[in-house]
Amino acid sequence: MCGIVGYVGRSEAAPILLDGLRRLEYRGYDSAGVAIVNGDRVETRKCAGRIAELGKLVAERTPAGTFGISHTRWATHGKATDQNAHPHFDASGNLALVHNGVIENYQALKEELIRGGDTKFVSETDTEVLAHMIGKLYDASAPTNGSTPPQHEKNRLVAAVRVALQQVIGTYGIALVHRDIPDFIAGARRGSPLVLGVGKDENFLASDVSAIVAYTRDAVYLNDFDVVAVERDKFEISSVAGERGSYEVSKVEFTDEDIKKGDYPHYMLKEIFEQHGSVRDAMRGRLSLEECTAKLGGLEMTPAQLRDVGRIVLTGCGTALHAAMVGEYLIEQLAGLPTEIEFASEFRHRNTPMTRDTLVFAISQSGETADTLGALRESRRKGYRTLGICNNVASTIARESDGGVYMHAGPEIGVAATKSFTSQVTILALIALLLGRMRHLSTSEGTVIIEALEALPEKIEQTLKLSDHIRAIAKKYIAAPGMLFFGRQFNFPIALEGALKLKEITYLFAEGHPSAELKHGIIALIRPEIPSLFIAPDDAVFSKNLNNVEQVKARKGPIIAITSGSGAERLASVADDTVTVPSAPDFVMPVLTAIPLQLLAYHLAVELGRDVDKPRNLAKSVTVE
Ligand code: G6P
C-alpha cells in the first residue's frame, strides 16, 4: 500500500515525481503529495483525492527544484485528509518524509516526543512520528561551531535515520529530503519494497520499478534494513545497524511500453485480453513432451526431493488464494498428494500441524503482500521448504523463498487481478503434473495433460471473443442488487473468484459457494432480482449442477450459466443466459471459466460507471497486515 517516488538529478523534479506517482496509483489512491527542495525552501503540495487532484495543485504553482520526494496513499492510520497526506515534516519544517508501511509502536514513540515538550503533531498518521524523530536526531547532532562540509551533513542525516529506525517496530519504505542538504535523498526499507533506479546523472527511489522504468531500466532492489544515501551521480547502501551493504544492479524485465494501456479503455480489460499470451508465457519452456512432464528448474529440488514430498500447503491472499484452491484440486487429482489451503493471514498466526515432508508454496502476484510474506517467513523459520509463485521477479517473496516459479505474466496494473490468476492456475497445473509424474501418472497420462495445457492459449482466444455477448448479459442485470456464484469441484474456486471480481469492481454484494451448498441456507436468498451464476461445464458433475440450477429456477431466480460442449443445449430450458466456453478436460477448465466471470464483472462495472482500474478502498498490493 502506498507508493513512493524520489528523484535527484538535473531535470525538474515535479513532472518526474507526478509521472511516477501516476504509475504507482494502483498501490493506493486516497491522497497524494510531493515535497521538492527549492533553494532554501522545501515546497510541498498535498491533498486528499487522486493523483489528478495533486496534478491540478502542482500545475497551479509548480514547485521548482531538481530533487524531491512524493507519495500516493492508502490510509492505514488516519483518514484520507489533506493533513494526513504525505509528505510529513519534522518540527523545523526542513525535513520532509514519505512512508509506506506501518509503525506499530508509533503511539509510544509519539508520547515520548510529546513528553519531550517541543513536538507538535499536525496529522493523525504514524508516519509523522518518524519525521519528528529523524529531524530531532539530526538537529541534535549539529556541530556547535558553525557550518560543516556537505558530506558531514549527509552522514549526519543518514545516522539520524539509522538511530530512529532502530527504535521502530513495524514496516517501512521511506524516502526523505532535507532543506539544508542539496541534491540528496535518504531512503530505507523494512517489510515494504523500495527500489533504487540508477540513471545517468540522476537517480530514483520508488516502491516499484514501474514508476521509473520510463527513465532507467537499471535497478537495485533494496533489502530489508538497507539504508540508502542517494545523490545525482552516486549512491551508498548501508544497513540500519551501520554496516556497509552489498548490492547488485539488475535489468528491469519489462519496458515502459508494457505498462501502457494502449487502445484499451482500462488496464483490466487489456490484461483480460492478454491472457492467451500470459498463459502461454507461464508454460513456455516448461513442458517436456519427451519426458511427458513439466520442467521447473526454479524449484531447485532434485527428483528425489520431489518424490519425497508428502504434503503440500498452498497459501496466499485474495485472488491468489482462489488460485491456490484450484491448485488443491489439481495436485490432489493429478499427483494424489494431500494438499491444504491456508489463508496466509491465518497461517502465520496459527500453529498448523505440518509433517516434516510438507512443501509450502506462497502464491502472490506482487510478491509483496504482507500476510503472504509473513506466512512464508513463518514457514521457513520452522524449517519447511517454502517456494514462491510470483509475478514480480525482484519481489521480497521471490527473493526470500527457497525457490519457485515465476509467472512471467508481465506487469498487472489493474487493481482487480485477472491475468495473474490464470497464470497462477496454469503454474499450479504444471506443479501437479510434475509431482504426479514423480508418482503414479503414466507417460500417456502426462501426454494428455500436456496436450490439454498446450491447447489452452487458443481456447482462451476463443473465450475472449465472448466479450460482447457477456456485455449484453451485464447490461441486462444492471439493476441487480447482488449476485450469487456457484460451481463444483475445479469450478468451486472459480465461483469464489467470480464473486470477488464482482465485489471488487462493482461494489455489489456477491457470494461464491459450492453448487450443492445452495440447499443448506443460501437458497433463502433466491429471489427474482438476484441472478445466480452457475459454472457448469459439460463435465462429470454436470448433472449434479443441473439439479441445483433447477432448484434456483423453481424459486424464480434468474440464471446465468457458464458451460461448455453440450451443456448449452441441456441448460436451454432453465438458464436465462448461457455463455459457452470451448470444451476442455476438467482440470484445465478453470482457466477458461474464469474469463467470462472477469468480463462480466468488468462490463457490469463499466455500465455502473465504476472506476474499474482503481476501485474504492482497494489497493493492488497490500503491504500492511
Ligand atoms: C489485494 C488485491 C487483490 C489480490 C491480493 C493478493 O487484496 O486487491 O486483488 O488478489 O491483494 O495480492 P498478491 O499480489 O499477493 O497476489
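The legends below describe close-up views of a predicted model. Local features need pLDDT of at least 70, side-chain atom pairs count only at pLDDT 80 or more, and totals for chains, interfaces and linings use all residues. Residues are numbered from 1 along each chain as its sequence is written, and side-chain values use heavy atoms, with hydrogens and water left out.

**View 1. Domain 1 and domain 2 where they touch.** The chain is divided into domain 1 (3-251), domain 2 (259-454) and domain 3 (464-615), with bounds from an automatic or database domain assignment. The centres of domain 1 and domain 2, taken over C-alpha atoms, are 35 Å apart. Eleven residues of domain 1 are in contact with nine residues of domain 2 (contact: heavy atoms within 4.5 Å). Between them the two domains bury about 860 Å², of which 55% is on carbon and sulfur atoms; buried area is the accessible area (1.4 Å probe) that two parts lose on being put together, summed over both.

**View 2. The salt bridge between domain 1 and domain 2.** The count between these domains is one salt bridge, a side-chain nitrogen of Lys or Arg within 4 Å of a carboxyl oxygen of Asp or Glu. Asp-224 and Arg-377 form a salt bridge, with their closest N and O atoms 2.9 Å apart. On the side of domain 1 that touches domain 2 there are six nonpolar, two polar and three charged residues (nonpolar: Ala, Val, Leu, Ile, Met, Phe, Trp, Tyr, Cys and Pro; charged: Asp, Glu, Lys and Arg; polar: the others, Gly among them).

**View 3. The salt bridge of Asp-201 and Arg-10.** The whole structure holds 38 salt bridges. In the one shown, the side chains of Asp-201 and Arg-10 meet at 2.6 Å, N to O. Asp-201 is in the loop between strand E9 (195-198) and strand E10 (203-206), while Arg-10 is in the loop between strand E1 (3-8) and helix H1 (13-24), 191 residues apart. Helices (H or I, at least four residues) and strands (E, at least two) are DSSP runs, numbered from the N terminus.

**View 4. The aromatic pair of Tyr-329 and Phe-490.** The structure holds six aromatic pairs, that is, rings of Phe, Tyr and Trp (its six-membered ring) with centres within 6.5 Å; planes under 30 degrees apart count as stacked, over 60 as edge-to-face and the rest as tilted. Tyr-329 and Phe-490 are tilted, at 5.8 Å centre to centre and 45° between the planes. Tyr-329 lies in helix H9 (residues 318-335) and Phe-490 in the loop between strand E22 (482-487) and helix H17 (492-506), so the pair ties together parts 161 residues apart in sequence.

View 5. Most residues other than glycine have a negative phi, and most peptide bonds are trans. The peptide bond from His-86 to Pro-87 is cis, with omega near 0°. Asp-183, not a glycine, has a positive phi of about 50°.
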